[in-house]
There are 2 protein chains.
Amino acid sequence: MSTNKHKSDEQQSQPIGIIAGGGRLPVSLCEAVIKSGKDVFVCALEGFADPDLNNYPHRWIEIQSGGEIIEQLKLANCRQIVMIGNVKRPIDGTQTPDSGGPDNTAAQVLNAGGGDDQILSAVAGFLETLGFSVIGAHEIIPENLIANGAVGKHVHTPGNISDIAKGFEVLHVLGNLDVSQAVVVCGGYVLAIEAAEGTDEMLKRVARLRKDGVVHKTGGVLVKRPKCGQDMRFDMPVIGPVTVELVAAAGLSGIVVHADNVLCHDRQGLIKRADELDIFVEGAIPSTNGKVAS
Amino acid sequence: MSTNKHKSDEQQSQPIGIIAGGGRLPVSLCEAVIKSGKDVFVCALEGFADPDLNNYPHRWIEIQSGGEIIEQLKLANCRQIVMIGNVKRPIDGTQTPDSGGPDNTAAQVLNAGGGDDQILSAVAGFLETLGFSVIGAHEIIPENLIANGAVGKHVHTPGNISDIAKGFEVLHVLGNLDVSQAVVVCGGYVLAIEAAEGTDEMLKRVARLRKDGVVHKTGGVLVKRPKCGQDMRFDMPVIGPVTVELVAAAGLSGIVVHADNVLCHDRQGLIKRADELDIFVEGAIPSTNGKVAS
């Protein structure tokens, strides 16, 4: 609560506007904001957001209704905005509103094209031209960042180090191209690279590859980090108890994330599952060339 | 047949040894060798190789029986060896022969670890220490290489150029790390990156992502090339009629491969399906920085 003492009275009277996609993180965020003594207003994206967001002041809005999202955020007197949670790739900006396409406001930013970061930057830039301030979830819940070191009771073994380094190397070169936040490496061999399917689907694929005998070796690591130079206000990588369960189901030994750059959803749940399933979860600092600092 | 005039009589009397994994390419290769007036001897890998290889002099051998493979190649008086076709990731080199693991010969090379290239280089290096000469399929069937330009009647549009360039860029940076030969890009967005699952599985994933609405935009390209600095004697990328069908099913517009560096299986079948399904298939020369030369 002490951080709020630095905020002006005006900011304190304005609810944090949360544009919420799927997953539990938007719910955790609302809870954390309320706990800190501030108010929230949620634009819950239809088809994505968790129904538990009904417990907070909210409106359900379709993702393509950019104009209505802005209208509601203004009506609620929001100034600071957090965009958080999973959404499917935005609809084709060339479709018309009548055919389920975006309204003019949404089309304006969707037609920017490019990678995730470019789309989200366009959305944030557009919101800022309207006087909103777009901030990252980690600025509100910094305690949810995964710090350097082990999170649970298990730690990596010397045999994991080269796989961790290779994972960071792959994500380093891809991140420079605004691609991928997660990779699975085992015995020097890159088993899977995340793109549009997301981390959970990638982990399920690794489990299938092992079940089908395409990959025989056991062990390996999930490495996750933001893209290099990524705007940390959105699309920040997240892990949680389900990530740990999928990592275990894929026969991997652990998870390593870029320390202080990846959010943890439900830390207690994550630690419990990691400890139970013999999975190490660690923050680490990759060196500038993409390798983990030794 | 003219190329054989340059070969010594000794080479002509020795059959080409083919260590055959899955897919139709080993069969095409046998056919091409016979047509050229030379003999073949096939080590057909059990569980992988096509039954049609029974039409050629052959032995069925398990992939982990490295010693037997070498024995048979020697008995057949082979000197030049081609390793071709898909195999699942080799078994864990630390398993014992009794538990289904490799024999001593196979373990010696499998325990080298690392990426695909490192494993296959180790196998080739080992064969060469025994006096064999490991050559690439493209040295025997150069007419199956995809040249610069369009293969069928369709060609890319200006709208595809940036996706093609991005695909080559991604494969360039990954290839330097001995990872990935194929990527799918649409509208500047990387939809999928191939790792252990292979190109076909990656294309099926893209079809699912579109069906599930994770990706809404239509179009996009499959870009395929060898890894940078890859030893072209093995694991050469291949496309065929099935690739075209999967590309069409994934809603993509075409395929671009690194000219003269990717093999075509069943060229006539590929052209027929590409023309029917409105898919462009082209060879292109990426510039050194991974971008396509304009």
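1. Strand β4 (residues 80–84) of chain B pairs with β5(B) in the parallel sense over 2 bridges. Strands here are DSSP runs of E of at least two residues, helices are runs of H or I of at least four, and both are numbered from the N terminus. Two strands count as paired if DSSP finds at least two bridges between them. The bridge partner of B:I81 in β5(B) is B:V134.

2. This is a predicted model, in which local features need pLDDT of at least 70 and side-chain atom pairs count only at pLDDT 80 or more, while totals for chains, interfaces and linings use all residues. Residues are numbered from 1 along each chain as its sequence is written, and chains are lettered from A and ligands numbered from 1 in the order in which they are written.

3. The open sheet of chain B has 5 strands in the order β3-β2-β1-β4-β5, with parallel pairing. At its edges stand β3 (58–61) and β5 (133–134) of chain B, each with a single partner strand, so one side of each has no neighbour in the sheet.

4. Two helices lie across strands of chain B. Helix α2 (residues 25–35) of chain B lies across β1 (16–20), β2 (40–45) and β4 of chain B and runs at about 170 degrees to β1(B). Helix α3 (residues 66–75) of chain B lies across β1, β2, β3 and β4 of chain B, at about 175 degrees to β3(B). Such angles run from 0 to 180 degrees between N-to-C directions, with axes as lines fitted to C-alpha atoms, for helices over the stretch in contact.

5. Which residues of α2(B) are buried? They are B:L25, B:P26, B:V27, B:S28, B:L29, B:C30 and B:V33. A residue is buried if 20 or more other C-beta atoms lie within 10 Å of its own, exposed if 12 or fewer do, and partly exposed in between, with C-beta atoms placed from the backbone. The cover over the buried residues of α2(B) includes β1, β2, β4, α6 (137–140), β10 (238–239) and β12 (263–264) of chain B. Just after α2(B), B:G37 has a positive phi of about 90 degrees.

6. B:G85 is located in the loop between β4 and α4 (104–110) of chain B. This glycine counts as buried because it has 24 C-beta neighbours inside 10 Å. Leaving aside residues up to four places away in sequence, B:G85 touches B:A20, B:G21, B:G22, B:G23, B:L25, B:P26, B:F48 and B:A49. Contact requires that the C-beta atoms of two residues, placed from the backbone, lie within 7 Å. B:V40 is 45 residues from B:G85 in sequence and 16 Å from it in space, C-alpha to C-alpha.

7. Elsewhere in chain B, strand β7 (residues 182–186) pairs with β8(B) in the antiparallel sense over 4 bridges. B:C186 stands opposite B:Y189 in β8(B). The two strands, β7(B) and β8(B), form a hairpin with 2 residues between them, and B:G187 in the turn has a positive phi of about 60 degrees. Strand β8 (residues 189–193) of chain B is mostly covered, with 5 of its 5 residues buried.

8. Turning to chain A, its secondary structure comes to 10 helices and 13 strands. Buried residues make up 50% of its 294 residues. Of the contacts in chain A between residues at least 6 apart in sequence, 73% join residues at least 24 apart.

9. An open sheet of 5 strands in chain A has the order β3-β2-β1-β4-β5, with parallel pairing. Its edge strands are β3 (58–61) and β5 (133–134) of chain A, each pairing on one side only. Strand β2 (residues 40–45) of chain A pairs with β3(A) in the parallel sense over 4 bridges, and A:W60 in β3(A) is the bridge partner of A:A44.

10. Chain A is assigned domain 1 (2–140) and domain 2 (145–284); such bounds come from an automatic or database domain assignment. Their contact takes 17 residues from domain 1 of chain A and 16 residues from domain 2 of chain A. On the side of domain 1 that touches domain 2, the elements giving two or more residues are α2 (25–35), α5 (116–129) and α6 (137–140) of chain A. Of these, α5(A) gives the most, with 6 residues.

11. Helix α7 (residues 161–175) of chain A is largely enclosed by the rest of the structure, because 13 of its 15 residues are buried.
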